[in-house]
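Please keep the sequence and the coordinates in view while reading.

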Amino acid sequence: MTMLPLPLVRADELPPEVREVLRPGGTLVDRKGIARVLPSTFMRVDSWKLALETPLTSHFMLWEFIGVDVREAPLLRSFPRYVPCALVLLGSALELFRAEVGTYVHIAANGGYRSPGHALTRYASRHCWGTAVNIYRVGDTWLDSREEIEKYAAIARRVMPGVWVRPYGHEDGQADDHLHLDIGYTLFDPVESSSQVDNAGVS
């Protein structure tokens, strides 16, 4: 976290209107009726230029995880934007996947972080935690067939610890034109960096 030029913002530091949309510490109910607690700590992204220039990991830039369209809540389509810290964990997991496939991994629009206010948010979508990603292409291969989706799903299961893969299919809860990967309802609340902490008592 200390390498990213993005300030940490706690729930009580969010502007009231943003807090109303992000609902930090609130809950969304999953498909089984279980209430899942939403993130409470965010990274502040002050501009699209900053998102374009900020590497989240060695091979993934921040902007790739936050591209949305008009279905996102209007307030969250402008800057500053606030994204869950768990995006860093997701990016790190995807690094393992990219190393295995040996080529570019393309994330769909609305396929990374989406807020609880996004029109596509149903149940407790892991996209609201910043821990889910929809991949529509790997290198030059489009993931729009059972063969290709299941091929890369198998790779993800092999190299990404704890990953969940949405099954291929045309029904609700399945995917037939992308590969959905997620690392669960992961809450990441980083400690302050050493530069932000009093050095008293440190030898």
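Does Arg 146 count as buried, partly exposed or exposed? Arg 146 counts as partly exposed, at 45% relative accessibility; the classes are buried for under 20% relative accessible area, exposed for over 50% and partly exposed in between, with a 1.4 Å probe and protein chains only. The model is a predicted one, in which local features need pLDDT of at least 70 and side-chain atom pairs count only at pLDDT 80 or more, while totals for chains, interfaces and linings use all residues. Residues are numbered from 1 along each chain as its sequence is written, and side-chain values use heavy atoms, with hydrogens and water left out.

Arg 146 forms a salt bridge with Glu 150, with the closest N and O atoms 3.0 Å apart; the term denotes a side-chain nitrogen of Lys or Arg within 4 Å of a carboxyl oxygen of Asp or Glu. The two residues are four apart in helix 4 (residues 146–159), so about one helical turn separates Arg 146 and Glu 150. Helices (H or I, at least four residues) and strands (E, at least two) are DSSP runs, numbered from the N terminus. Glu 150 is also partly exposed, with a relative accessible area of 38%.

By this rule, the count comes to 10 salt bridges. One of them joins Arg 10 and Asp 189, whose closest N and O atoms are 2.5 Å apart. This pair links distant parts of the chain, with Arg 10 in strand 1 and Asp 189 in the segment after strand 10 (179–182), 179 residues apart. Arg 10 is partly exposed at 21% relative accessible area, whereas Asp 189 is exposed at 51%.

Another salt bridge connects Arg 122 with Asp 172, at 3.0 Å between the closest N and O atoms. Here Arg 122 lies in the loop between strand 6 (105–107) and strand 7 (132–138), and Asp 172 in the loop between strand 9 (164–165) and strand 10, 50 residues apart. A network of salt bridges links Arg 31, Arg 122 and Asp 172.

The strands come next. Strand 1 (residues 8–10) and strand 4 run antiparallel and are joined by three bridges; two strands pair if DSSP finds at least two bridges between them. Val 9 has Phe 42 as its bridge partner in strand 4. Four bridges join strand 4 (residues 41–45) to strand 5, again antiparallel, with Arg 44 opposite Tyr 82 and Val 45 opposite Arg 81. Four of the five residues of strand 4 are buried, so the strand is largely enclosed by the rest of the structure.

In a regular strand, side chains alternate between the two faces of the sheet. In strand 5 (residues 81–84), Arg 81 and Val 83 point one way and Tyr 82 and Pro 84 the other way, and all are buried.
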